[in-house]
Amino acid sequence: MKTVGQIYESFRFAWRALKSNLMRTVLSLLSVTVGIFLVIAVLTFVDSLEKNIKDSLNFIGTGVIYVEKWPWLADNDGEYRWWDFWMRPNPSYNEYKFLAANLKTASAMAIFADTEGANVKRGNNSVGQVRLVGGSEGYENIFTVDVETGRYLTADELSAGRNVAVIGFEIAKALFPNGEDPLGESIKVKNMKYTVVGVVKREGESFMGTPSNDYVVIIPYNSFRRLYQTGTGRWNELGSAIGIKGYDTDIGLVELENEARGLLRGRRGARPSDKDNFAINRPEALTAIIGNLFDGVSLAGWFIGGLAMLVGGFGIANIMFVSVKERTSIIGLQKSLGAKNYFILFQFLFESVFLCLIGGLTGLFLVFLVTFIPVGSMTIALSMENIILGLGVSTTIGVVSGIVPALIAARLDPVAAIRS
């Protein structure tokens with residue numbers, strides 16, 4: 001209890017020392033404040049930007065691989081060999097049925113195709129540039145389709161290719177402007193009637209303007225095939241893709257990708273020496289590129305903020321040396337009255353840490369204020385992880401800057417200190 005009491009007294013001495021030299025305290029913590037503000041502001045902006053971009057890419061799903069004709073990224077040598085990819089056949093409905101019957105490592109699967117230029121009509125109302133999607137059974141398990149009113153397409157409707165549709169919020173609003181209930185009503189796509197069975201919940205505009213379900217019309221894949229050519233031919237109007245979702249136990253979806261590749265190569269009669277005539281695309285590849293890009297930006301933020309904090313650390317250390325010099329006689333008096341070395345050590349170390357923590361908290365508060373500045377559709381948020389990081393860095397600077405002056409103060413000879 002005596003030790004705890006002495007440590008508490010060290011806190012009180014440090015706090016009084018800071019209050020007694022208020023102007024010096026404020027000037028000392030400015031560099032730390034600027035450094036913490038720069039680092040945490042950059043990290044917060046980068047984290048928010050990365051999160052907004054990744055949220056915008058949610059429409060491609062997670063934990064999914066896609067079998068397609070065209071790869072999303074260039075080869076390892078950085079070249080995109082479009083002339084080779086152009087010769088590939090599109091994934092077909094029969095290949096989808098084959099994979100669905102034979103894949104053991106898939107938790108869900110769907111074949112789908114879409115077009116961005118559809119025109120949807122109802123009476124005198126019409127909406128252009130609609131994203132028309134034809135999806136098979138399992139499409140709702142690959143992608144998020146949050147139906148707010150009505151229902152999603154049934155298995156019978158999907159397999160039979162019936163003329164039913166689930167429409168986006170903004171499409172329902174445009175085609176039914178007077179508040180009519182769209183469920184059970186007919187809309188026209190390429191002069192074919194479709195009955196509305198569900199309306200998707202409003203999503204709003206994404207940060208990157210990526211496809212939104214607000215302007216989507218989802219119909220059965222077999223119905224979509226009657227509107228557009230989607231077969232294996234190279235000259236088809238639209239190509240299909242097969243989305244395959246794996247199990248959580250399949251880390252990195254390695255087993256799923258290997259099994260799908262082997263089955264499809266066998267189905268297409270590829271010899272061991274032949275290259276794949278299809279692409280297996282992974283959303284993780286895009287997010288990895290984004291992550292690497294933002295790692296570089298974060299490093300630049302650490303460099304700029306680190307310089308400011310380095311200057312601040314030297315400033316704090318200098319102030320602590322001055323404090324030791326000013327209070328040398330007081331230290332001698334304290335030690336002559338029985339104060340232990342650790343009491344003196346903690347007294348100056350706490351003072352240094354207090355300075356840096358106050359500067360760090362001020363910097364974090366400034367970052368918090370910055371998050372209220374509107375930046376288009378981007379949402380900026382100060383995460384708890386960055387708050388803890390800011391406080392941790394501030395504490396570390398305080399300990400590193402104050403440890404040497406505190407050790408010098410603790411080792412002073414009481415007689416020499418009093419005589420000084």
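Predicted model: local features only at pLDDT ≥ 70, side-chain atom pairs only at ≥ 80, totals over all residues.

Guide: Let's begin with H12, which passes H13 in a right-handed crossing. Residues are numbered from 1 along each chain as its sequence is written, and side-chain values use heavy atoms, with hydrogens and water left out.

Visitor: At what angle do H12 and H13 pack, and how far apart are their axes?

Guide: An axis is a line fitted to C-alpha atoms (for helices, over the stretch in contact), and the angle between N-to-C directions runs from 0 to 180 degrees. H12 and H13 (residues 384-410) pack at about 150°, with axes 7 Å apart. H12 and H13 are therefore roughly antiparallel to each other. The cut-offs are under 35 degrees for roughly parallel, over 145 for roughly antiparallel, 65 to 115 for roughly perpendicular, and oblique for the rest. Sorted by class, the contact of H12 with H13 has 18 nonpolar residues, 10 polar ones and no charged ones. Here Ala, Val, Leu, Ile, Met, Phe, Trp, Tyr, Cys and Pro are nonpolar, Asp, Glu, Lys and Arg are charged, and the others, Gly among them, are polar.

Visitor: Which residues make the contact of H11 with H12?

Guide: H11 (residues 328-336) and H12 (residues 341-370) pack at about 145° with their axes 10 Å apart, and their crossing is right-handed. H11 contributes Ile331, Gln334 and Lys335, while H12 brings Asn341, Phe343, Ile344, Gln347 and Phe348. A contact is a pair of heavy atoms within 4.5 Å. The class count for H11 with H12 is 4 nonpolar, 3 polar and 1 charged.

Visitor: How are H4 and H9 placed?

Guide: Helix H4 (residues 93-102) packs with helix H9 (residues 254-267) at about 130°, and the axes are 11 Å apart. These two are therefore oblique to each other, and their crossing is right-handed. From H4 come Asn94, Glu95, Phe98, Leu99 and Asn102, and from H9 come Glu259, Ala260, Leu263, Leu264 and Arg267. Those residues divide into 5 nonpolar, 2 polar and 3 charged.

Visitor: Where does Arg268 lie, and is it buried or exposed?

Guide: Arg268 lies in the loop between H9 and strand S10 (279-281). Its relative accessibility is 19%, so Arg268 counts as buried. The cut-offs are under 20% relative accessible area for buried, over 50% for exposed and in between for partly exposed, with a 1.4 Å probe and protein chains only. Beyond four places in sequence, Arg268 is in contact with Pro89, Asn90, Pro91, Glu95, Asn277 and Phe278.

Visitor: What is phi near in Gln129?

Guide: Most residues other than glycine have a negative phi. Gln129 has a positive phi near 55°; this residue sits in strand S3 (residues 125-135) and is exposed at 62% relative accessible area. Lys190 also has a positive phi, about 50°. Lys190 is in the loop between strand S6 (186-189) and strand S7 (192-200), where it is partly exposed at 44%.

Visitor: How many helices and strands does the protein have?

Guide: The count is 14 helices and 10 strands; these are DSSP runs (helices H or I, at least four residues; strands E, at least two) numbered from the N terminus. Of the 420 residues, 45% are buried. Among contacts with a separation of 6 or more, 77% join residues 24 or more positions apart.

How values were computed
Left-handed = near helix turned anticlockwise from the far one by under 90°.
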